[in-house]
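I opened my notebook to look around a protein chain, one spot at a time. Come along and check each entry against the picture.

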Amino acid sequence: MDAGDAAHRQQRHASMVRYAPASAYDGPRAAAMIERRRRPSTRALWPPAWLATILLLLLGSCQASRGAETTVTFPSADGWQLHGTRSLGPQSAPGVLLVHMCNVGDQDDYRDLAQQLRRRGLHSLRFDFRGHGLGRTPALDVTRDRDGFWQNIVGELQQDVDAAYARLASEALVWTEPVAIVAASCGVRRAVDLARRQPAIRALVLLSGEVPSELWPVLAAEGRQVFAVAAADDGDGVAAQWAREACEAAGGRGQLRIYPSGGHGTELFASHGELPTEILDWLGRVLVTDAEGE
């Protein structure tokens, strides 16, 4: 027998042994191996790896949906459709309305702050004024006709803020009170005017905006607290003066932060990275203290 025949016989013998019953050869190890081969495979009971991955991702998205951001539309008092983003935490908690500044601002100015609020368990709604962000139309676009906006449309901004507040309050997870507002520039006056009619608004963060003297009593109302922020070089010191007046109007419930520089309104977030955290800490203290006092 030559070497080729011997190799062929060895290969044939090996294949016969592989499928032979355990009694055909000795050794408990071999018998155990044959027994394992006789058992039905469980691999067929599991989905392929790619399908399992997709199922896990879908499950994760469903579990996170209660704490995710969702775009919303809602009407202002005159029927104008406003666009916003609600950011809801997983449990019942206070809500924060985020009001951007005019001309160069939109709801995206508060994207990071809204996410941080959600991580701390607070709900929020940010939205675009008409003529801003997603609220721009061919007939109304503040980036193309700023003068026309201020002459003809600025009066409608108050009803936009009012509608956004009602939309936030309609969320089942948002407490009826206390409610907070963070407002910048032109949004400041509208936020304070809303608070005049809504006693549930207990906390106001005012960024570089004027509060007319006739609204100062709103800031002094029982149980209301104010955090006023501005840069000293904004408008030759005018914005800082507005912040001081608002803080003084709030009396012992006012907190003031004046930076040497840093821009106007929500521009301060980029210039002073610690400011959003300071606002979050302040809101946490004020809203929790207010809730515990009820």
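Entry 1: I call a residue buried when its relative accessible area is under 20%, exposed when it is over 50%, and partly exposed in between. I also note that this is a predicted model. My test case was Gly-284, which sits in helix H11, residues 275-293. Is Gly-284 buried or partly exposed? Its relative accessible area is 26%, so Gly-284 is partly exposed.

**Entry 2: the whole chain.** I stepped back for an overview. I found 11 helices and 8 strands in the protein chain. Of its 294 residues, 42% count as buried. I also looked at contacts between residues at least 6 apart in sequence, and 63% of them join residues at least 24 apart.

**Entry 3: two helices.** Two packed helices are described by the angle between their axes and the distance between the axes. I looked up both values for helix H6 (residues 157-169) and helix H7 (residues 186-197): the angle is about 60° and the axes are 9 Å apart. H6 and H7 are therefore oblique to each other. The crossing of H6 past H7 is right-handed. Which residues make the contact? From H6 I listed Leu-157, Gln-158, Val-161, Asp-162 and Tyr-165, and from H7 I listed Cys-186, Arg-189, Arg-190, Asp-193, Leu-194 and Arg-197. Sorted by kind, the residues of this contact are 5 nonpolar, 1 polar and 5 charged.

**Entry 4: the cores.** The largest nonpolar core has 42 residues. Leu-97, Ile-181, Leu-204, Leu-206 and Leu-219 are the residues with the most contacts inside this core. I followed Ile-181 and left out its neighbours within four places in sequence; its partners are Leu-97, Val-99, Ala-191, Leu-194, Ile-201, Ala-203, Leu-204 and Val-205. Another core lies apart from the largest one and has 27 residues, among them Ala-203, Val-205, Ala-231 and Leu-268.

Entry 5: Gly-95 is in strand S3. Gly-95 counts as buried, because its relative accessibility is 0%. Beyond four places in sequence, Gly-95 touches His-123, Leu-168, Val-174, Pro-178, Val-179 and Ala-180. I also noted that Gly-95 and Thr-176 are 81 residues apart along the chain, with 8.6 Å between their C-alpha atoms. One of the contacts of Gly-95, Pro-178, made me look again. Pro-178 is in strand S5, residues 174-184, and the peptide bond from Glu-177 to Pro-178 is cis, with omega near 0°.

Entry 6: Most residues other than glycine have a negative phi, and most peptide bonds are trans. Asn-103 has phi near 70° and is in the loop between strand S3 (93-99) and helix H4 (111-119). Ser-185 has phi near 50° and is in the loop between S5 and H7. Ser-185 is buried, because its relative accessible area is 18%.

Entry 7: Ser-124 belongs to strand S4, residues 123-127. With 1% relative accessibility, Ser-124 counts as buried. Apart from neighbours within four places in sequence, Ser-124 is in contact with Thr-85, Arg-86, Ser-87, Val-96, Leu-98, Ala-114, Leu-117 and Leu-168. Glu-171 is in the loop between H6 and S5. Is Glu-171 buried or exposed? Glu-171 counts as buried, at 11% relative accessibility. Beyond four places in sequence, Glu-171 has contacts with Arg-86 and Leu-88.

**Entry 8: the end of a helix range.** Ala-249 is in helix H9, residues 238-249. Ala-249 is buried, with a relative accessible area of 18%. Which residues does Ala-249 contact, leaving aside neighbours within four places in sequence? I found Trp-216, Leu-219 and Ala-220. Ala-249 and Leu-219 are 30 residues apart along the chain, and their C-alpha atoms are separated by 6.0 Å.

Technical notes:
Residues are numbered from 1 along each chain as its sequence is written. This is a predicted model: local features need pLDDT of at least 70, side-chain atom pairs count only at pLDDT 80 or more; totals for chains, interfaces and linings use all residues. Side-chain values use heavy atoms; hydrogens and water are left out. Axes are lines fitted to C-alpha atoms, for helices over the stretch in contact, and angles run from 0 to 180 degrees between N-to-C directions. Helices (H or I, at least four residues) and strands (E, at least two) are DSSP runs, numbered from the N terminus. Angles under 35 degrees count as roughly parallel, over 145 as roughly antiparallel, 65 to 115 as roughly perpendicular and the rest as oblique. A crossing is left-handed if the near helix is turned anticlockwise from the far one by less than a right angle, and right-handed if clockwise. Contact means heavy atoms within 4.5 Å. Ala, Val, Leu, Ile, Met, Phe, Trp, Tyr, Cys and Pro count as nonpolar, Asp, Glu, Lys and Arg as charged, and the others, Gly among them, as polar. A nonpolar core is a set of buried Ala, Val, Leu, Ile, Met, Phe, Trp, Tyr and Cys residues joined through side-chain atoms within 4.5 Å. Buried means under 20% relative accessible area, exposed over 50%, partly exposed in between (1.4 Å probe, protein chains only).
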